[in-house]
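Today I will go through one structure, starting with some terms and ending with a pair of helices. Please have a look at it first.

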Amino acid sequence: MSQQNFKLPLSCQTKGFLRRWIGLRSKAGVLFILMLLLILALPLSTLAQTPSNDPVEIGRQLYGENCAVCHGIDGQGRVGAQLAKDWPSLRPDRVIASVIANGIPGSAMPAWSQARGGPLRDDQIEAIVAYILTWESGGPRVLPPTPTPVLRPPLTPPPDVQGDPNRGATLYDQNCAVCHGSNLEGRIGATLAKNWPSIRPDQSIRNVIANGIQGSAMPAWSRAKGGPLSEAEINDLVAFVLTQAKAAPPSLPTPTPAFQPSWLSGWGGVLLTIVLFVLIVSGALIYQARTKKY
Ligand code: HEC
Ligand code: HEC
């Protein structure tokens, strides 16, 4: 079903056939049918781009988005344990799936299953397990993607704060977005796009980042507590979180683009525009052709 085979005969031979078969005499009518067929062909081209449903490939993607922050892009371990290793169990897939679904209480490892309030479906967890198992010795090595950084305009540092919010934004995308959402809207972790009630919010935020929150999924990030971030990096994060607090006043918690129905952006929107355009143009052409005849 390649599109070339599909279009060529249409423009050459089929015109006459369409005219006879559908009984359309005006050029506008044929044009209308051709455009309709073109529109019908468009979704086919998007279908061809749908991502693969190979579980290892899906797992690779999900791992990069959710786990690499703590376990390292290569499974080598960071805040979280090393995952690129040989698993001692007879059914390592069940052991790993259970840990991912339920988390490890008392550690930084959160529960990821929707049954436990996490963001991942069971089939997504199975896909990640399949990907992790490719790291067993002899398994193929595939590098997961690094999370895509969010494009933000340059930020001015808030007053009385030492860190650089622009460096903080990058650190945030790499370490925190996985739990707090790319727009700080909250996910496994609390929303950070809010007004901070304290008189010195920078100090309370720095304290939480450095030391984590005992008994919750919020890990400690300071080197003093075994985390991966330096004092300066934590200051950058504090500055960044504070700039975002101002950007999101309490009366408007979600940015405006979120209100658009998703089908209006992307192919849905393109299709809708083309359909409307074609309907109007062909309507006008047919009307013109009719009025000429009589
Ligand atoms: C906030 C950091 C963090 C994130 C994010 C995280 N983990 Fe963990 N994970 C940990 C820590 C810490 C441990 C070790 C806990 C312990 O044993 O005390 C761990 C342990 C594990 C283990 C058990 C390792 C072993 O040797 O038994 C598996 C499997 C695992 N994580 C998978 C995942 C997967 C898959 C994801 C992504 C869906 C993920 N983790 C996300 C912190 C994290
Ligand atoms: C594994 C998930 C996870 C990651 C990764 C994570 N957090 Fe958190 N964070 C949480 C959770 C869960 C809470 C809420 C804990 C509670 O209040 O019980 C939280 C709370 C916080 C709070 C306090 C919010 C409040 O309203 O007081 C701040 C600030 C914060 N996180 C900043 C960060 C920053 C900055 C990073 C990146 C360096 C980060 N977090 C990474 C899970 C996470």
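Helices here are DSSP runs of H or I with at least four residues, strands are runs of E with at least two, and both are numbered from the N terminus. This is a predicted model, in which local features need pLDDT of at least 70, side-chain atom pairs count only at pLDDT 80 or more, and totals for chains, interfaces and linings use all residues. Residues are numbered from 1 along each chain as its sequence is written, and chains are lettered from A and ligands numbered from 1 in the order in which they are written.

Ligand 1, then. A residue is near a molecule if its C-beta atom, placed from the backbone, lies within 6 Å of it. There are 20 residues around ligand 1, and Cys67, Cys70, Gly80, Ser107 and Met109 come nearest. Helices α5 (68-71) and α6 (92-102) each supply at least two residues of this shell.

Now ligand 2. It is surrounded by 21 residues, the closest being Cys176, Cys179, Gly189, Ser216 and Met218. Two or more residues of that shell come from each of α9 (177-180), α10 (201-211) and α11 (231-247).

Last, the helix pair. Helix α4 (residues 55-66) packs against helix α7 (residues 122-133) at an angle of about 95°, and their axes are 7 Å apart. Axes are lines fitted to C-alpha atoms, for helices over the stretch in contact, and angles run from 0 to 180 degrees between N-to-C directions. Therefore α4 and α7 are roughly perpendicular to each other, a term for angles of 65 to 115 degrees.

Notes:
Angles under 35 degrees count as roughly parallel, over 145 as roughly antiparallel, 65 to 115 as roughly perpendicular and the rest as oblique.
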